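Notebook open, structure about to go on screen.

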Amino acid sequence: MKISSKWITTILLTFLSIALVFVLNPDGQLRILANLLTFAGIYALAAIGLNVHFGLTGLLNFGHASFMGVGAYVTLLLIPHAAGREGEINENGLPFLAALAIGIVAAALFGLLLGLPAMRLRGDYLAIVTIAAAEIFRLLIRDLESITGGVYGIINFSDALQKYRPVFFDEAVARLDLAPAQIWVGLLSWLTVFIVLLLLKRLSASPWGRALRAVREDEDAVRALGKNAVWLKLQSFMLGAGIAGIAGVFLAFNYGSVQTTIFVPLLTFYVWAIMILGGVGSLTGPIFGSIIFWAIISETDKIASLIFENADGQQLAGVRFMLVGLLIMMLMIFRPSGLLGKKEELLLNVK
Amino acid sequence: MSNKLLEVKNLKKTFGGLKAVDIENLSFNKNELTSVIGPNGAGKTTFFDLVSRFQQQDIGEIYFKDKKITKSQPYKVSRLGLIRTFQLTKVFDRMTVLENLMFSGSSIKNDSFFQSIISTSSSKKYEKGLKDKAFEIMKDLNIEKMSESYARELSGGQKKLLELGRSLMKNPELLMLDEPLAGVNPKLAEDLLEKIKNLSDQGITILMVEHNIEAVMKISERVVVLAEGQVIAEGSPQDVRNNNKVIEAYLGTADE
Ligand SMILES: Nc1ncnc2c1ncn2[C@@H]1O[C@H](COP(=O)(O)OP(=O)(O)OP(=O)(O)O)[C@@H](O)[C@H]1O
Ligand SMILES: [Mg+2]
């Protein structure tokens with residue numbers, strides 16, 4: 001296989017961003033790396049889902065966080081957990097995989113619910129509907145305290161996943177002086193990333209994927225050729241939402257608890273940034289986009305300390321925004337199609 | 001069984017105060033090659049849009065193969081065998097010419113999600129069949145050299161050809177072409193005209209909007225003239241050419 005320059009640049013930048021972590025941190029480098037790679041895996045998964053929507057089908061989804069949230073909440077509420085102010089314990093529950101399957105379906109159905117009215121209208125309506133629905137979802141979760149734990153959220157659910165950790169795995173991780181629970185979540189996230197990518201690689205090269213790309217290019221022509229464009233868009237929307245749902249579940253397990261504050265618009269914004277960084281429409285783009293993004297995010301405080309003497313939380317958040325903004329600006333200047341995007345596919349054709 | 005493939009009754013469409021289409025009764029027979037002509041803004045494209053269901057009429061009825069399609073959706077009438085092209089070509093820009101054609105020909109079953117995941121040997125065979133058919137059509141239209149190019153790289157005329165080819169992948173019963181010769185060079189236009197005539201001879205009913213009067217007169221069996229949304233004349237090319245109203249409204253009095 002011919003290795004193109006964009007791959008060389010991408011891999012180089014990925015290594016550079018990881019090297020940055022080692023340079024800026026005298027100790028605990030491995031721990032920081034493990035932490036950032038776990039987040040990177042989870043966000044890569046979310047960005048892969050978004051790429052099904054936007055990259056493959058041209059659907060403008062600005063409510064990605066809500067699909068992640070639906071997947072997370074439905075799954076967590078179905079496994080043993082504790083919720084709410086009193087930490088009411090619910091010991092009975094489904095096995096993790098069964099709950100996850102239902103969580104994925106729930107996220108997909110949430111996509112269907114939003115898509116049904118919006119897909120018949122022009123593309124920008126979907127954008128508006130998804131923004132609004134994501135906020136409504138978050139406020140509902142917050143106010144339905146008796147079910148969702150409200151602002152207190154859900155805790156003590158980790159065991160449902162962590163109990164499957166093999167002993168040899170714990171021993172190996174302990175030898176590296178790392179936290180087995182997080183590495184376990186990270187490992188499973190990356191495993192899921194690869195499984196989902198294999199599935200999508202097959203799908204996007206298939207007649208179904210071809211039909212979605214046709215929808216992305218020109219819906220009227222799709223209709224004139226006897227294809228149900230609305231249904232095709234809905235399928236794509238459900239698939240991407242389901243993938244986001246898995247990402248939401250892993251995100252919750254990585255935090256060990258879940259509150260509505262996780263699924264804010266900022267989450268959606270980060271996932272968009274990662275997808276654009278990796279390259280819209282590129283299958284593997286989100287992997288590298290996510291690693292580079294998180295390497296830079298995780299070094300925010302180090303970089304901030306170059307600017308402020310003793311940066312407080314607010315200043316750090318500001319610097320984080322600046323860094324993300326800077327990253328996207330540089331990208332638009334030097335590589336508008338993202339790290340691994342195709343130049344021919346640059347034209348942002350929005351449905 | 002009537003010989004009418006397409007029929008519209010009392011079909012009206014207005015934009016604001018403007019009457020874009022106002023047709024009392026118009027029908028098109030099976031196997032006939034009909035051209036619709038008329039000045040710019042006469043309502044030809046709007047008529048196409050109404051029949052193919054891309055626009056909703058104010059009032060009126062439309063029948064295709066004796067089925068009422070008045071409230072149908074575009075993809076449904078397309079599945080019945082009514083395939084139209086667009087005046088402003090609509091090709092799938094960031095897909096190859098081959099993909100444009102294969103997508104068009106692909107069946108609903110072949111396009112389905114689950115079929116695509118399991119990808120059986122029969123679906124591979126089906127894809128191979130599509131590919132062969134696509135190459136046949138590309139050869140016929142002289143665009144097979146472009147098979148792997150992105151459609152957006154084609155010239156305007158080539159895009160017209162691609163759109164025609166894409167329609168042919170569907171084995172249409174009624175083919176509605178909105179200015180198929182626009183932007184096509186004279187030599188190619190002649191070939192294309194020949195091609196359209198052949199399709200008609202093969203039994204495809206064709207309805208064509210075209211400004212190239214010479215071409216229209218040469219191949220049409222029947223000509224319908226629209227002006228300000230109304231049918232002002234219809235008949236054989238000869239009749240229409242000699243019709244005073246048509247000369248006044250469209251052909252001009254000059255001895256061109
Ligand atoms: N979407 C629309 N909104 C408002 N007016 C429209 C719309 N579409 C068409 N019209 C008007 O309806 C009339 C008929 O337009 P149409 O496109 O059908 O003409 P046409 O016969 O195809 O002309 P041409 O030969 O230039 O393609 C025109 O006056 C046009 O301005
Ligand atoms: Mg027109």
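Which of the 14 residues around ligand 1 come nearest? I get Asn40(B), Lys44(B), Thr45(B), Thr46(B) and His211(B), where near means a heavy atom within 4 Å.

Ground rules before going on. I am working with a predicted model, so local features need pLDDT of at least 70 and side-chain atom pairs pLDDT 80 or more, while totals for chains, interfaces and linings use all residues. Residues are numbered from 1 along each chain as its sequence is written, chains are lettered from A and ligands numbered from 1 in the order written, and side-chain values use heavy atoms, with hydrogens and water left out.

Next I looked up polar contacts to the ligand (pairs of N or O atoms within 3.5 Å). A backbone N or O atom of Gly41(B) sits 2.8 Å from a ligand 1 oxygen, and one of Ala42(B) is at 3.1 Å from a ligand 1 oxygen. From the side chain of His211(B), an N or O atom lies 2.8 Å from an oxygen of ligand 1. On its own ligand 1 has 630 Å² of accessible area, and the protein covers 63% of that (Shrake-Rupley, 1.4 Å probe).

I sorted the shell too: five nonpolar, seven polar and two charged residues, with Gly counted as polar. Helix α1(B) gives the most, three residues (helices are DSSP H or I runs of at least four residues).

Then Ser78(B), which I found in helix α2 (74-80) of chain B. Why does Ser78(B) count as buried? Because its relative accessibility is 4%, and buried means under 20%. Its side chain reaches the backbone oxygen of Ala224(A) at 2.9 Å. Beyond four places in sequence, I noted contacts of Ser78(B) with Arg223(A), Ala224(A), Leu225(A), Gly226(A) and Ile83(B) (heavy atoms within 4.5 Å).

Key
Polar contact = N/O pair within 3.5 Å; in protein donor to acceptor, adjacent residues only side chain to side chain. Helix = DSSP H or I, 4+ residues; strand = E, 2+ residues; numbered from the N terminus. Buried < 20%, exposed > 50% of the residue type's maximum accessible area, 1.4 Å probe, protein only.
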